[in-house]
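Load the model and keep the sequence beside it. The paragraphs below go through it piece by piece.

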Amino acid sequence: MISRNQALALDAIDPLKDFRQQFILPEKIIYLDGNSLGALPKRTPIYLQEIIQKQWGEDLIKSWNLHNWIHWPQTVGTKIARLIGAKPHEVIVADSTSVNLFKLLAGALKLRPDRRTILSEKSNFPTDLYMAQGLLALLEKDYQLKIVEREMLIESIDHSVALVMVTEVNYLTGHRHNLKTLAEAAHGQGALILVDLAHSAGAMPVDLNQNSIDLAVGCGYKYLNGGPGAPAYLYISEALQADFPAFLAGWLGHADPFAFTENYVPAFGMNRHLCGTPPILSLAALDCGLNICLEADLQAIRQKSLALGDLFIDQVEAHCPELVLATPRDPERRGSQVSFHHSHGYAVMQALIAQGVIGDFRSPDIIRFGFAPLYNRYVDIWDAADQLCEILKNRTWSEPQFQQRQTVT
Ligand SMILES: Cc1ncc(COP(=O)(O)O)c(C=O)c1O
């Protein structure tokens, strides 16, 4: 436990402290939800205005060539590749995480034609499981999605498994997988491995190549600060790309889209996974978020993220014993979030938000706090813990206005 002044002293010597000035953050708000929607970079509205007025407004359709819009999915993908330990030509930006999951799941099954199982874990993010279920509904009956407890993953990998699908950092608990161990176990049985990086990219160093990961997806709107509904990305290791089919065979994934021929011929490498027209304004916003991440040292981000997590856990556990920690205490095993169980978690979070501390709630009973080291300060974490404990002590959460569930929690 530390005092508020000690938290302020930590901020004064924080090597990342200047990054906060690059974001628009409302006064009197402590924002601990960057793991759901990253904050707005100051440069984003300025850049978007330029793209809208100059490129779209004046140069109109010429911009696809003049400003190279047509290649933005690749150029922005190259920047993401630097954050996730991939080669520049192994990542492309396209569609949503969900759609990209479908592309990779379908292709992976095709690469392992004698195997019928996709193996995943019980508390994987629902869209990962749903996309697999949707795909399997298209296929013959003997395909299955096998969902096991996290602890059972490795021992469940056998020769029937085509693909092991995990999310590196669990969206509920913040539990982080050891990707190297999982990849070795999958490859040892001849299976492929697909990793969802939604809660890791931008919040810690990720090294897909070093850990021999075959396939990955991730989204742009969390720690990459790309804005609401920012485009997502997909990664296919170089070794698999030549044989990796594109079943969502859109015209921009064609080898020669402007030949407008009748039959689909896949483009080379990642380009075949593009599908349709890229969302240029959203790509521009994502690019702004990424440029900030690329200026920062990922090791420093990780160190601060864990220190913020430690501080939050220590303060909360010391002052509000009724909250039950859902996140691993061991820094090696957690991502950049801390979660607690509380039977009235929704109301507790609503009461906290009403006081200006923004986290979120995940059913059935998890209150979640994400730490974005580029703009969260030690003192924010100290104050957030303090307010959370006050709300619990005074039972402020039991007031009627905090019980009404909204659509987005
Ligand atoms: C692990 C994970 N995967 C995927 C998604 C969402 O996918 P999409 O971008 O398609 O909405 C989320 C959203 O929070 C997530 O946490």
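The model is predicted: local features need pLDDT of at least 70, side-chain atom pairs count only at pLDDT 80 or more, and totals for chains, interfaces and linings use all residues. Residues are numbered from 1 along each chain as its sequence is written.

Start with the sheet of 7 strands. It is open, its pairing is mixed, and its order is β4-β10-β9-β8-β7-β5-β6. Helices (H or I, at least four residues) and strands (E, at least two) are DSSP runs, numbered from the N terminus. Two strands pair if DSSP finds at least two bridges between them. Strands of a sheet pair through backbone hydrogen bonds, either parallel or antiparallel. The edges are β4 (91–93) and β6 (144–148), each pairing on one side only. From one strand to the next, the twist averages 20°. Axes here are lines fitted to C-alpha atoms, for helices over the stretch in contact, and angles run from 0 to 180 degrees between N-to-C directions.

I118 has L145 in β6 as its bridge partner. Helix α6 (residues 126–138) lies across β5, β6, β7 (161–167) and β8 (192–196). Its direction is at about 155° to β6.

β4 and β10 run antiparallel and are joined by 3 bridges. V91 has Y235 in β10 as its bridge partner. β9 (residues 215–218) is also antiparallel to β10, with 4 bridges between them. L215 stands opposite I236 in β10.

Which way do the side chains of β10 (residues 233–236) point? Y233 and Y235 point one way, L234 and I236 the other way. In a regular strand the side chains alternate between the two faces of the sheet. All four named residues of β10 are buried. A residue is buried if 20 or more other C-beta atoms lie within 10 Å of its own, exposed if 12 or fewer, and partly exposed in between; C-beta atoms are placed from the backbone.

Next comes the ligand. Around it are 13 residues, of which S96, T97, S98, F125 and A198 come nearest. To be near, a residue must have its C-beta atom, placed from the backbone, within 6 Å of the molecule. α5 (97–111) and α6 are the elements that give two or more residues to this shell. The shell divides into 5 nonpolar, 6 polar and 2 charged residues. Ala, Val, Leu, Ile, Met, Phe, Trp, Tyr, Cys and Pro count as nonpolar, Asp, Glu, Lys and Arg as charged, and the others, Gly among them, as polar.

The other sheet has 4 strands. It is open and antiparallel, in the order β11-β12-β15-β14. Its edge strands, β11 (324–325) and β14, each pair on one side only. β11 and β12 (residues 337–341) share 2 bridges in the antiparallel sense. V324 has H341 in β12 as its bridge partner. Helix α11 (residues 298–319) lies across β11, β12 and β15, at about 25° to β12.

Stay with β14 and look at the loops on either side. G359 lies in the loop between β13 (357–358) and β14 (360–362). Is G359 buried or exposed? G359 is buried, because 24 other C-beta atoms lie within 10 Å. Leaving aside neighbours within four places in sequence, its contacts include L32, D33 and F369. Contact means that the C-beta atoms of two residues, placed from the backbone, lie within 7 Å. P364 lies in the loop between β14 and β15 (366–370). A cis peptide bond joins S363 to P364, with omega about 10°.

Then look at α1 (residues 4–12) and α13 (residues 378–394). They pack at an angle of about 155°, and their axes are 7 Å apart. The two helices therefore count as roughly antiparallel; angles under 35 degrees count as roughly parallel, over 145 as roughly antiparallel, 65 to 115 as roughly perpendicular and the rest as oblique. R4, A7, L8, L10 and D11 of α1 meet Y378, V379 and W382 of α13. These contact residues divide into 6 nonpolar, no polar and 2 charged.

Finish with backbone angles. L60 is not a glycine, yet its phi is positive, about 45°. L60 lies in the loop between α2 (43–58) and α3 (63–66). L60 counts as exposed, because it has 10 C-beta neighbours inside 10 Å. C275 also has a positive phi, near 75°. C275 lies in the loop between α9 (238–241) and α10 (280–295). With 19 other C-beta atoms within 10 Å, C275 is partly exposed.
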